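This report concerns one protein chain and the way its parts pack together. Please consult the sequence and the model shown below while reading.

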Amino acid sequence: MSAIELRDNRRCFACGPDNPIGLHLEFEWRGDRLCCEWVPLPEHQGYAGITHGGLIATVLDEAMARVLWDRGTPVVTGSFEMRLRAPAPAGSPVSVQAWLESGRGRLSRCRSVMTAQDGTVVAEAQGSYVLVPGT
């Protein structure tokens, strides 16, 4: 496999400010957790009124990868697993937290959770992230 170069052109679907159809997620550190608030729009639904699970996965994966990128570690997702626990109504804010669970060599493991305003856990995810050297 040839080496890849990871460049930020500000058009990432999840966090890119220059992507006109992107989610425009903005993250902040709260202690050792990277956090964001997101309001899924009606355009983000799968079934009527319910946020599409694929977009929930996108947000949780982005948060976990950003835990490492924000620390200067360029990574790509190696594996990702999510458990949906409750519907996320379109139009209702959710909170996301992500954190580093472990790291060794080129591989890091992270976890993330999405909760509704009332504290209900919407989804939980874990993933493995692989360092891309030379980026």
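The model is predicted: local features need pLDDT of at least 70, side-chain atom pairs count only at pLDDT 80 or more, and totals for chains, interfaces and linings use all residues. Residues are numbered from 1 along each chain as its sequence is written, and side-chain values use heavy atoms, with hydrogens and water left out.

**Helix α1.** Helices (H or I, at least four residues) and strands (E, at least two) are DSSP runs, numbered from the N terminus. Helix α1 covers residues 53–69, and its 17 residues reach 24 Å from the first C-alpha to the last, close to the 24 Å expected at 1.5 Å a residue; the expected span is 1.5 Å times one less than the number of residues. Twelve of the 17 residues of α1 are buried, where buried means under 20% relative accessible area with a 1.4 Å probe and protein chains only. Among them are Leu55, Ile56, Val59, Leu60, Glu62 and Arg66. The strands listed here are included in what covers the buried residues of α1.

| Strand | Residues |
|---|---|
| β1 | 28–30 |
| β2 | 33–38 |
| β3 | 75–84 |
| β4 | 94–104 |
| β5 | 107–116 |
| β6 | 121–131 |

**Nonpolar core.** A nonpolar core is a set of buried Ala, Val, Leu, Ile, Met, Phe, Trp, Tyr and Cys residues joined through side-chain atoms within 4.5 Å. The largest one has 27 residues, and Leu25, Trp38 and Met114 have the most contacts inside it. Two or more residues come from each of β2, α1, β4, β5 and β6, with α1 giving the most, nine residues. Leucine 25 touches Ala14, Cys15, Cys36, Trp38, Val59 and Glu62, leaving out residues up to four places away in sequence; contact means heavy atoms within 4.5 Å.

**Largest pocket.** The largest pocket has a volume of about 520 Å³. On a 1 Å grid over the protein atoms alone, a pocket is an open set of points where a 1.4 Å probe fits, with protein on both sides within 12 Å along at least five of seven lines; lining residues have an atom within 4 Å of a point. Of its 19 lining residues, Arg7, Cys12, Cys15, Glu62 and Trp69 are the closest to the centre. Helix α1 supplies the largest share of the lining, five residues.

**Serine 108.** Serine 108 lies in strand β5 and is buried, with a relative accessible area of 12%. Beyond its neighbours within four places in sequence, serine 108 contacts Leu68, Leu100, Ser102, Gly103, Gly127, Ser128 and Tyr129.

How values were computed:
Buried means under 20% relative accessible area, exposed over 50%, partly exposed in between (1.4 Å probe, protein chains only). Grid points are joined across faces, edges and corners, and a volume is the space filled by probe spheres set on the points.
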